[in-house]
Each structure stands twice: as structure tokens, then as C-alpha cells.
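Student: I would like to go through a structure with you. Could we begin with the side chains and then turn to the fold?

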Amino acid sequence: MRRSLGDEAKTFEFVCELKIDGLNISLVYVRSGEQYVFQRGVTRGNGVEGEDVTHTIRTIESLPLTLGVQGKQLPKYLEIGGEVYITKSSLERLNRTLSDDEKFANPRNAAAGSVRQLDPKVTASRDLRLFCYAIDGEGAEQLGLKSQRDVLQWLKEHEFPTNPEWTECTTLEGVKKLYDVHHKH
């Protein structure tokens, strides 16, 4: 980047977040007066078209169904990106209730299978969790969010669950150290 910008003294800040192995989800909110109302949850699918899982996503307790947002030119829609996951301990408890043929091999499969349930009561019983980490480009711009740090802070301020284990690094060596610490766990 320094070479491309022609500035060898340029400094950078890297926001480093832990990768959560779950199911990628887009949460769509529609503006209604002074607030946004949760409209639908969609999986990433094939990258162009996802599966509508609104009926099960609504069962995640930490999902805000409405949010108040101040601003002059707010977009009609706001899209929040996140990851639905299940903890290893919740997976163990869930697998104890399932037959050998129904058991999930890992937390990611359990999260994906739970979100895709037809019956939201089944999903609600499975202790799904959510971490949010992104806002669509237009929404972020109109909210005045200029960095990933700004996005994470805005999400937290608006009661979206965010992974608290993110940090900023100013060198690639710092990023590598952080990776090494977490990669061992």
C-alpha cells in the first residue's frame, strides 16, 4: 500500500477480528419514521441469492427488532452483516438430545441446520448466538461511518451483539502476533 500510494512513511490501522465459524447472515431493516424495523434475514447462499430465514432468525434473543437512528439523510434500508453461531458447549448439549443419525459434526453445521429449520420453536430451543460486524456501504456512508472501528462501535451502541475480541494494530508484525496468539487456542 505504501508503494502504491507513493508514501513510504504512511501509517495504517488494522482492525483485527476473530473469525467465527458459523453461518453468514444479512439482516435487512426498513426505515419507518424515526426508527428501523427488522424486515428479513437472508443467508449468503450462492453469493448472489440467499435463503430467506427470517422466521428462525427472529428467535435469536440478541437480535434487535427495532432501532432508533438519528440523521438527516438515512437510507430506506439498512443491511447489517453478521454470523450466526452456536457455542461448543451448546452443540454438546444439543447433540445429547439427538439420535446418532441426527447429530451435528461441528458448530457451523449446527448453526446452519438450526437456522434452516421450518419450525422456529426448534430453532429457539438451540441457543443460537449472533455477532454483527458489517453495514452495507451506502448505509455506512450515510451514517458517517468511515472505518471498521466506527462500524463496530455503531453496532454496539445500537445494541447489536458484536464480538468483543477485536483490536487495532498499527503494523503487520502486530497483526501477525495477534494471529499467532489466537491461532494456538
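Student: Is F12 buried, partly exposed or exposed?

Tutor: F12 counts as partly exposed, at 22% relative accessibility. Buried means under 20% relative accessible area, exposed over 50%, and partly exposed in between, with a 1.4 Å probe and protein chains only. This is a predicted model, in which local features need pLDDT of at least 70, side-chain atom pairs count only at pLDDT 80 or more, and totals for chains, interfaces and linings use all residues. Residues are numbered from 1 along each chain as its sequence is written, and side-chain values use heavy atoms, without hydrogens and water.

Student: How many aromatic pairs does the structure hold?

Tutor: There are five aromatic pairs. Rings of Phe, Tyr and Trp (its six-membered ring) pair if their centres lie within 6.5 Å; planes under 30 degrees apart count as stacked, over 60 as edge-to-face and the rest as tilted.

Student: Why is the pair of F12 and F14 tilted?

Tutor: Their planes stand at 35 degrees, so the pair is tilted, with the ring centres 6.5 Å apart.

Student: And which kind of pair do Y29 and F160 form?

Tutor: Y29 and F160 are edge-to-face, with 5.6 Å centre to centre and 85 degrees between the planes. Both residues are buried. Together with F38 and W154, they form one aromatic cluster.

Student: Turning to the sheet, what is the order of the strands?

Tutor: The open sheet runs β4-β3-β2-β5-β6, with antiparallel pairing. Strands are DSSP runs of E, at least two residues, numbered from the N terminus, and two strands pair if DSSP finds at least two bridges between them.

Student: Which residue of β4 is the bridge partner of Y36?

Tutor: The partner is L67. β3 and β4 pair over three bridges.

Note on methods. Helices (H or I, at least four residues) and strands (E, at least two) are DSSP runs, numbered from the N terminus.
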